[in-house]
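Have a look at the sequence and the fold, then read on.

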Amino acid sequence: DIGRDISTYPMIADTVIELELTANRGDCLSIHGVARDLSAALNKDMKSIEPTSSRGANVAIARRLSVSNNTNLLVDLQYRLSQIDDLGSSLLMELRLALVGLELGEKIPNMLQYATHATGVVLRAYDAISLQGSDEHISLSLEDIDSGLVSLEKEDSKLSIIGVSQSDQSRVSSDTREILFEASYIEPDSIIEGVANSKQETDTLYYKTSRGSESDLSFGLTYLESQCSKACSCDFSDSFVSVEAPRAERVVAVNFKELDKIIGQKTSKSIVSSILSRLGFEIHRSGGSDSFGVRVPQHRHDVHHIQDIAEEVLRIVGINNIQAKHLQVTEKVRLTKSTMRYKAKRDLRLRAVGRGFFEAVTYAFSDQVKLEKYGFSIVDESMRLVNPIAEEFNAMRSTILINLLDSVKRNISYGIKRVPLFEIGTVFDGNREESEKIAFVWSGYSEIESVSNHGKAETIDFASFIDRLSAVVGEITLVSCDADNGLMHPYQSARVMRDGKDIGYISKLHPEAAGDYGIPDTFISELDFEPLMPKHIIAKPISNYQGVYKDLSVVVDTSFSFEKMATVISEIDDKMLKRFYPVDIYQDAELGEQKSVTIRFFIQSMEGTMSDKIIDGIM
């Protein structure tokens, strides 16, 4: 009737339910699958589908079809032959297919799509006449083609890739009268990997098979027969030819106490059993205990552990129905070498930032030309980089300083006048053996220009750099040395000692290197990280008595270093002499080739207050 609302027609006034599914719920990509979930959620029995059978007496499949299985992959197939005449077109079927976004085509493909969407079973159809030989017999074979993929072949011709695609030559048309129907199930994980590796083209059915289709193949073919019988005159074979893969049962052991712990509250055993049974799982009780076995149905390929079982129960019960509880976290102490190493690095970083350094992170590669130019070792030729990421990063670095100086150069070129950097990283020796080092660079001003220095900050000097370095790495001792690479200044450099061991060096940047980089006065240091790792702290007693500071000035030759003085003083065996350090160096014309060095001593007794006689005696 013109002008009548189309929804008032009983046949068209259908119920439409829109669902949003996550990609792992392939079992709900059909009306049957959704009904199964609703059955569990609403605690109602599913209605059984009573198919309308065709006569089935005129088509004998066993004498007409044989399928040889030449693959070991897990694939299930079932075939039925059918003779169809005058297949009609159903407006309701076409409308329903359009509503679910399926493209309409020939009548038989439409029927297959409709049955697949209803049951979840992947169905295909082949022109039986084109497949048969001179004796009217159809001989097919299953062959491996790629890892995880199986093809259905007639002689050397591929008819389809199971669960993935079908060749155009084997498809049915509106003129096809004798049809070989196929229902298939294949493990989703295997075909996903196979398609990804082989880059096979896929069709619309691949989405269902790759996420897990329905495994009850007889159900799909029986439903298809019922729909065909309603739409046309047809005969289906009363038997079928099947290929079944041997599959081991998947049984998940479940303990109610553990299940309740995962869910977050106690759940009735009867509710758990009812939910799982309605979802297609089989429950195997074990003598009335709190444990039971759950046999996982084939169409739920995603269920493997008790956590998966808990998820099934939880989504049906409803997460909003779980009583909220405060989060309780009980963590065991897991102090390992890695933990201590991480903590040591973190503490060093924090102290370095606190003393004005900025952390740099550079590549573990460097410029081989620069490494050789400044006298650093390079990796043996047999182990050098074959395909470097860039020309300036063509060698494994044996020092971090080259990369830091490159960073200083870039910052100076941007107009930055104060560039203090540090980095903790890996370096490599000639055999490509790794070790960790921490490197420091300070270039330009020692502080930021401000009102306090009238906008004229002083340039960093050796004493200021040593002060900042020791504040980061802790107590160190400097000893004189000769420069052993091209970055070290010949007269302003020293080896850094910790607990009597050489751990690296500190130096002013060599004038030639500073000229190469085009940077102002710069001080550098590179230390081994391992000796900086904190050790167990040994507690020492603290004196309750007052200590005193005493200064001692000595006149020595200008060539006589404080290092030699410290060596002599350290040999004095007196427990009241706690520490000493230089506080002043004085030179004038009257002293000539000599200098006055003032050393400050801290003296303290553990036993009582010291008299002047005792103090003078020590001095």
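Glutamate 312 counts as buried, at 3% relative accessibility (buried is under 20% relative accessible area, exposed is over 50%, and partly exposed is in between, using a 1.4 Å probe and protein chains only). This is a predicted model, so local features need pLDDT of at least 70 and side-chain atom pairs count only at pLDDT 80 or more, while totals for chains, interfaces and linings use all residues. Residues are numbered from 1 along each chain as its sequence is written, and side-chain values use heavy atoms, with hydrogens and water left out.

**Salt bridges**

- Glutamate 312 pairs up with arginine 315 in a salt bridge, at 2.7 Å from N to O (a salt bridge is a side-chain nitrogen of Lys or Arg within 4 Å of a carboxyl oxygen of Asp or Glu).
- Both partners sit in helix H10 (residues 306-317), three residues apart, which is about one turn of the helix. Helices (H or I, at least four residues) and strands (E, at least two) are DSSP runs, numbered from the N terminus.
- Arginine 315 is partly exposed, with 28% relative accessibility.
- Glutamate 359 and arginine 349 form another salt bridge, with their closest N and O atoms 2.7 Å apart. That pair links distant parts of the chain, with glutamate 359 in strand S14 (residues 358-359) and arginine 349 in helix H11, ten residues apart.
- Glutamate 359 is partly exposed at 36%, and arginine 349 is partly exposed at 26%.
- Arginine 171 and aspartate 168 meet through their side chains too, at 3.3 Å from N to O. Here arginine 171 is partly exposed at 37%, whereas aspartate 168 is exposed at 61%.
- How many salt bridges are there by this rule? The count comes to 33.

**The second largest pocket**

- The second largest pocket holds about 1400 Å³ of space. Its lining has 45 residues, and the closest to its centre are Glu475, Ile476, Thr477, Leu478 and Met497.
- What's a pocket, and what's a cavity? On a 1 Å grid over the protein atoms alone, a pocket is an open set of points with protein on both sides within 12 Å along at least five of seven lines, a cavity is a set where a 1.4 Å probe fits but cannot get out, and lining residues have an atom within 4 Å of a point.
- Volume is the space filled by probe spheres set on the points, with grid points joined across faces, edges and corners.
- Several elements each supply at least two lining residues, among them helix H11 (337-354), helix H14 (462-473) and strand S20 (488-498). Strand S24 gives the most, with seven residues.
- Sorted by class, this lining has 24 nonpolar, ten polar and eleven charged residues. Nonpolar covers Ala, Val, Leu, Ile, Met, Phe, Trp, Tyr, Cys and Pro, charged covers Asp, Glu, Lys and Arg, and the others, Gly among them, are polar.

**Cavities**

- The structure holds two cavities of 30 Å³ or more.
- The largest cavity has a volume of about 60 Å³, and its lining residues include Gly26, Asp27, Lys208 and Glu214. By class, that lining has one nonpolar, five polar and three charged residues.
- The second largest cavity has about 50 Å³ of space, with Gln368, Ile378, Arg384 and Met396 among its lining residues. Its lining divides into six nonpolar, two polar and one charged.

- Most residues other than glycine have a negative phi.
- Lysine 199 has a positive phi of about 55° although it is not a glycine. Lysine 199 sits in the loop between helix H5 (188-198) and helix H6 (206-211), and it is exposed at 72%.
- Asparagine 43, also not a glycine, has a positive phi of about 55°. You'll find asparagine 43 in the loop between H1 and strand S1 (65-69).

- Is isoleucine 506 buried or exposed? With a relative accessible area of 0%, isoleucine 506 is buried, and its place is in strand S21 (residues 501-509).
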